[in-house]
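Me: I am new to this entry and would like a close look at one part of it. Please take the site that carries the record's annotation, then go on to other places worth a look.

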Amino acid sequence: MCGILGIASRTHDVFAEIYDGLLMLQHRGQDASGIVTYNGEFFREKKANGLVKDVFNAQDAETLLGKVGMGHVRYPTAGSLSASEAQPFFVNAPYGIYLVHNGNITNTAEQREKVTAKYSRHLRTTSDSEILLNVLADKVADAIKVNGNAEPIRNIFAGVKMTMERVQGAYSVICLVAGVGMLAFRDPYGIRPLSVAKREVDGEGDDYAFASEDVAFGINGFDKLRDVKPGEAILIDLEGNMHTFQAVEGQLTPCIFEYVYLARPDSLLDGVSVYKTQMRMGQTLARQIEAADLEIDRIIPVPDSARPVALEVAKAIGISYREGLVKNRYVGRTFIMPGQEERQKSVRRKLNAVPLEFKDHNVLLIDDSIVRGNTIKKIVQMCREAGAKKVYIASASPPVKFPNVYGIDMPTKHELIAHGKEIEEIRQELGADALFYQNLDDLIWSAKEGNPEIEAFDCSCFDGNYITGSVSDDYLDHLENSNRVSKKKQDMQVPGGSWNGAKLVSG
């Protein structure tokens, strides 16, 4: 999660366009928002906790001036919930660099020690993104020592190469570099998405943009060029020229959960349509449901992201599709609510049942995924209160059994209802009459069908296979016992009893 966007214009200030683009990426993070612009001499920055529309106002267009700029929407996967950890982050040397980051660094402890002890840098936050920025700054400084200061683009690309050789994990990054331009790069596995786009300007040349998802391009008149390659760096200089550099050899292995839940259905990630992937997920899931030979009167999606799946299931097995759950549009996505108490409250605020679609019917609820389990458990209760005879559940994704360490807020196995459990145990905990999960092979086929050139996906939250090869048991144990996870455990305490992550966390 987290959404990043950068725009380099030849002709006009970019604040308003960055604002509009971030609104298109708001689904990737609701905790904090930030924008920084550059006018060729000075940076202008504003960031705070909250949604884009709440953090920024019309007056900011008069102060955040510059033809180059970038923005970030955040929910925290590492560090704290403090507004001080909102992005972008800044270091004043070399050059002066601002950075926004989507992903998660997995060797943070080692890199923090090197940055603070060996290179005598002071870190102001616990964010892995600030560590990444300081590693990049160190490596660019090393390149300057070798090459001299006369070739800044060469130095920056050399710094990116050394950074990729040192930092492990997932990272899609955009930077503003004073006196040089806008830089973007993607980790050697391309785990988190990042695209580049172009806009023709009559008589002036081309403007460029980078974004987590291509839905941020169209609103500002940009046409997507391509996805940034794994291990690639692209720099747009202050004259508007594009420079590309393959810093390290990469192998595209995108996160498959992007297609399940994170990305918007109208996005195209690494050549794969999110919407078409979700339709294929429905086709494969339908085979399981049909084979069970249950008496089902209604197929009802858990809005919004399960709709394409549910429609395909209904079509394949010939059962009526109904909108039985009405969503309150003024409540955010519970998965990324910052804090367990807010997640718990927001479930009832978020959805209401339509009694006529449930009373005396056997209903099949289809959800995109079941992560923590609390949301779907409460929905099952609502369905029964609305008069449903039987409530079946189908998850469009496989059981989420393992922590995700690459930028999704699943850092501890205790939060995951499927960890260490058989499907029958999960069914009982959810209170459902039957429970279906997508097969992992079917999910992989659903995504790969959109781009057969992708040889593999990161499926670590489903199969426990961490593709960067740097995720040790010690690292996972550290996540389990981190301050932020401990705070979540405190939020989940049962009056008179002990914490039970499987029953109390939401998703």
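**Cys2 and other places**

Reply: Cys2 is found in the segment before strand S1 (3-8). Strands (E, at least two residues) and helices (H or I, at least four) are DSSP runs, numbered from the N terminus. The model is a predicted one, in which local features need pLDDT of at least 70 and side-chain atom pairs count only at pLDDT 80 or more, while totals for chains, interfaces and linings use all residues. Residues are numbered from 1 along each chain as its sequence is written, and side-chain values use heavy atoms, with hydrogens and water left out.

UniProt, in an unreviewed entry, places the feature "active site" at Cys2; its positions are given in the numbering used here, feature names are shortened, and annotations may be inferred rather than shown by experiment. Cys2 has a relative accessibility of 7% and so counts as buried (under 20% relative accessible area, with exposed over 50% and partly exposed in between; 1.4 Å probe, protein chains only). Apart from neighbours within four places in sequence, Cys2 is in contact (heavy atoms within 4.5 Å) with Arg28, His72, Val73, Arg74, Tyr75, His101, Asn102 and Ser212.

Cys175 is buried, at 0% relative accessibility, and Cys461 is buried at 2%. A disulfide is a pair of cysteine sulfur atoms within 2.5 Å, and the count by this rule is zero. For Cys461, the closest cysteine sulfur is that of Cys255, 6.3 Å away, which is too far for a bond.

Strand S8 (residues 181-186) has six of its six residues buried, so the strand is largely enclosed by the rest of the structure. Strands pair if DSSP finds at least two bridges between them. Gly181 of S8 stands opposite Val177 and opposite Asp237 in S12. S7 and S8 form a hairpin with three residues between them, and Gly179 in the turn has a positive phi of about 75 degrees.

Some backbone details lie in loops. The Gln87 to Pro88 peptide bond is cis, with omega near 15 degrees; Pro88 is in the loop between strand S4 (68-74) and strand S5 (89-91). Asp293, in the loop between helix H9 (274-292) and S16, has a positive phi of about 55 degrees although it is not a glycine. With 68% relative accessibility, Asp293 counts as exposed.
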